[in-house]
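Biologist: Can you take me through the salt bridges in this model?

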Amino acid sequence: MKTINLRCFVVFLYILFVVFGNSQNISIPFSCGFEDSLEINNWVINSGADGIRCKDQWMIGNLDYNEGYNSMYVSCDSGRTTNYGAKPNVVVAYRPIVVPSSIDPTKTSYSVDISFDYKCMGDEKITMLNFYLLPASFISEAELISVANNATLPLKLNATALASLYGTQEWVNWTMPRPQELPVDTKFYMVFVWQNANTDTSVVVPQAACIDNIQITSAMCPKPENLRADASCGTINFSWDGFAPIYECGYKSLGSKYWNNVYDIDGEVQN
């Protein structure tokens, strides 16, 4: 077990995930919390003629978030709430990703884990958030742009979702159950599809999909487990189980936007 003591008002801990690059190129690890304007520009939302006409719309803003001040969410009322409406529609948000071979010429592919935080009420088989990681050889960008419609998923998306999520008004984490191979210099689309088949106008409009803290990390370096924080007399003691030789720890005060970092924590140190 690895531990570290920090004297501060601390409520959050994260293990480093780095944002890199621009456009479609990423490195591993990769993260997106929708806080960086350059990264936000890489996302395509509500594209195509049908997308902009849908009642539900993907937005990136500060109506809700799990970390930082922003997230990506669906709104049926032009951004006043993160609720969804009673008019069936399908709207898409996606980001092209490519891991360039120039990052590490010795690698031909990366085995990765993918996770993100989300909240979404919805309904099984009726209204839900679907997540995909699709190679460009399987689906074109033109096909993704044309997905928006009256709540019916295109055939290519019917059985290829890595996750179909619904049923929570609180932020929870989804982690891919098994690693995904990403060949270098190969374009993939990271896709979130909001599928709303609700037509009942008599019920209170429920929570739509919200996405935050997307992480793509190497499956060869397992995530720390059993994260713990014990406080006493102004001191916070963090501990976790893991196998990495070196860690980086980040912490911040409650309500603060800014992280403080502790670098080069020896993975063999016990205290």
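Modeller: What follows is a short talk about charged side-chain pairs. This is a predicted model, where local features need pLDDT of at least 70, side-chain atom pairs count only at pLDDT 80 or more, and totals for chains, interfaces and linings use all residues. Residues are numbered from 1 along each chain as its sequence is written, and side-chain values use heavy atoms, with hydrogens and water left out.

Biologist: How many salt bridges does a search of the whole structure find?

Modeller: The search finds 4. A salt bridge here is a side-chain nitrogen of Lys or Arg within 4 Å of a carboxyl oxygen of Asp or Glu.

Biologist: Which residue does Arg-95 pair with?

Modeller: Glu-39, with the closest N and O atoms 2.7 Å apart. Arg-95 is in strand E7 and Glu-39 in helix H1, 56 residues apart. Helices (H or I, at least four residues) and strands (E, at least two) are DSSP runs, numbered from the N terminus.

Biologist: Is Arg-95 buried or exposed?

Modeller: Buried, because its relative accessibility is 0%. Glu-39 is buried as well, at 3%. Buried means under 20% relative accessible area, exposed over 50%, and partly exposed in between (1.4 Å probe, protein chains only).

Biologist: What does Asp-64 meet in a salt bridge?

Modeller: Lys-119, at 2.8 Å from N to O. Asp-64 is in the loop between strands E5 and E6, while Lys-119 is in strand E8. Both Asp-64 and Lys-119 are buried.

Biologist: And what about Lys-156, which partner does it have?

Modeller: Glu-143, with the closest N and O atoms 3.2 Å apart. Lys-156 is in helix H4 and Glu-143 in helix H3, 13 residues apart. Lys-156 is partly exposed, at 31%, and Glu-143 is partly exposed, at 31%.
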